[in-house]
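Dear colleague,

Please find below the structure that I am handing over to you.

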Amino acid sequence: MKYVTTATTIILSQLSLMAAPCPTNKVVTDGNWQTTYQCENNKLTSSLEINLKTGTKTGASTYDLQGRMLTNDSWSSDGIYTYHAEYEYFDNDERLKSVYVINENGVVTDKIKAKTLVKGDLDDPTILKEWVISQSSYKQIGIKHYRYDDINDDDFFFVKPYRIDVLGKQGQVTKYYEVIYNMKAPLANLVSEFRAFSPDGELIGQYNESAPFSVSEQLKKFNLTEDEYKRRLSIFEDKTREPVVIIDTGFDIMHPSLTHKLYNSPFDLVGDGVDNDGNGRVDDSWGWQRQDDAGLSLLRDDNNIRETHSLIHTPYPVSHGTHVAALALKDLDKYGLVGFAGDVAISDHLEKAAEYITEKKVKFVNMSFAIGFPGAPMSAPRESFYYLEKTFVENPETVFVVAAGNARGNLDLDLKGNDNYPASYDYANMIKVGALNTANLEKDKMDTYRPASFSKFGNKKVQIFAPGQGVVSAQSGGGTIPLNGTSMAAPFVTNVLLKGHKLNPELSPLELKDLLLATAYIPKNGRLPCESGGMVDPEAFYKAVQRTKSN
């Protein structure tokens, strides 16, 4: 067991007049528990709690000279060591609490699983900082900062961090965010606006889900040369580009990687306020957003495909759709992004997206999402699966690139009970992609790559693998971020397919799919657990496409 000693506690140890006296009643019984206080020279030093029914030790604490807790430990009633916390005190009434991991042998390790800086009431303190810690690796990945200025009693329950630090491998702050929430739905932790800063406070990016937007005006904000500005604007204005549909959470249309790649539909005039293509939506050139979270005031149906960031599953804004779209369209100017953003599990959202794909004869669609399986807890409604499956059935000439899915266990999609849709569907126009344990492909290392530890696989239900670990791509607000997931592997494959289509537009999407699988690289040390047995090999694929062109 470790004990915390600080400069503050050393000074206090010299001030005997401030010492906490020993409790008058050294033995206190409360129901089935009895606490005994230990003292030295009439000063409180420790306490011990036992369960009177079992006679086992259930709690122990040590105290400093002011009677403040230094360590706190707990055991279950059958004697299993479950909890160890340490406290550090500062002169401004703040105190740092760290909870340590106890291993399977009942030994306190040096790994911290929870850490908070608090002040005020001992029993109901005010949180000032809260560390975000990975519960798999116990790495400290972020710090949430709280403030309570101008908060009334009614809103106190909904206090949220105003600043979130991102921590590097050594625990250093690599960047931080100042965030503004959508308080119409406080339980959803939705961030509607944020600014990103370097560690020294330099503004490096900002995002607002509803700020005014036009492609030409946004391009002027990127500090481009005149020639580059004209080049990007001409790309956007090119109405001969093919649409690529990406169904995802949302997209930062103000990111330099995406602004000029938005689709400028020949069927619709951007911003004229008219439903030119007669599909029931006005000015939907580059897609639309659909949210329907009943009870959370998130009802939304508009053509703003920008992302509403939720901090329920991530400590800071991550921007899934922005990352995916930038990967899919990287180094490509002849394709335009059509984004169907928001809640991918809404049945009529899926239905209308499918209708768009059919009407516009879209050839390539990226689906980096999963909606569970019918009847499972937290899965989409059953009708959503119907419309999702209908999307594949009614668009047989379209290739859908689908993420295999991520998990901590039950990774084999071929096994009964491990279904994960849409990856578990089996249609000829799907390419289901697992993630490799790398961010990119290097020819001389192809034999060393293996499936990432989180990636779903299956000799029947996954067809190929692609880079999916630590993949760097665009982040909302500007800049880039590395992310892990089959969500990253899928757009890598989409990008390769699009480049193949650019090489030979006469090949159908399904012919390109067949070539992609036929040219997969199979490692010399054994097949990968997928239908092709290998990973995408862009170089071999492009050569195969070129051969078809010359023939």
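A disulfide is taken here as a pair of cysteine sulfur atoms within 2.5 Å. The model is a predicted one, in which local features need pLDDT of at least 70 and side-chain atom pairs count only at pLDDT 80 or more, while totals for chains, interfaces and linings use all residues. Residues are numbered from 1 along each chain as its sequence is written, and side-chain values use heavy atoms, with hydrogens and water left out.

**Cysteines**

A search of the whole structure returns one disulfide. Cys22 is joined to Cys39, with an S to S distance of 1.8 Å. The torsion about this S-S bond is about 75°, so the disulfide is right-handed. Cys22 sits in the loop between helix H1 (7-13) and strand S1 (27-30), and Cys39 in strand S2 (residues 33-40), so that the pair links distant parts of the chain, 17 residues apart. Helices (H or I, at least four residues) and strands (E, at least two) are DSSP runs, numbered from the N terminus.

For accessibility, buried means under 20% relative accessible area, exposed over 50%, and partly exposed in between, with a 1.4 Å probe and protein chains only. Cys22 counts as buried because its relative accessibility is 9%, whereas Cys39, at 24%, counts as partly exposed. Cys530 has a relative accessibility of 1% and therefore counts as buried.

**Aromatic pairs**

Rings of Phe, Tyr and Trp (its six-membered ring) pair if their centres lie within 6.5 Å; planes under 30 degrees apart count as stacked, over 60 as edge-to-face and the rest as tilted. The whole structure holds 18 aromatic pairs. One of them is the stacked pair of Phe194 and Tyr207, at 5.6 Å centre to centre with 25° between the planes. Phe194 belongs to strand S13 (residues 190-197) and Tyr207 to strand S14 (residues 203-208), so the pair ties together parts that are 13 residues apart in sequence. Phe194 and Tyr207 are both buried.

Trp288 and Phe340 form an edge-to-face pair, at 4.6 Å centre to centre with 70° between the planes. Because Trp288 lies in strand S16 (residues 287-291) and Phe340 in strand S19 (residues 335-342), this pair ties together parts that are 52 residues apart in sequence. Trp288 and Phe340 are likewise buried.

One aromatic cluster is made up of Phe385, Phe392, Phe400, Tyr421, Tyr425 and Tyr427.

Yours sincerely
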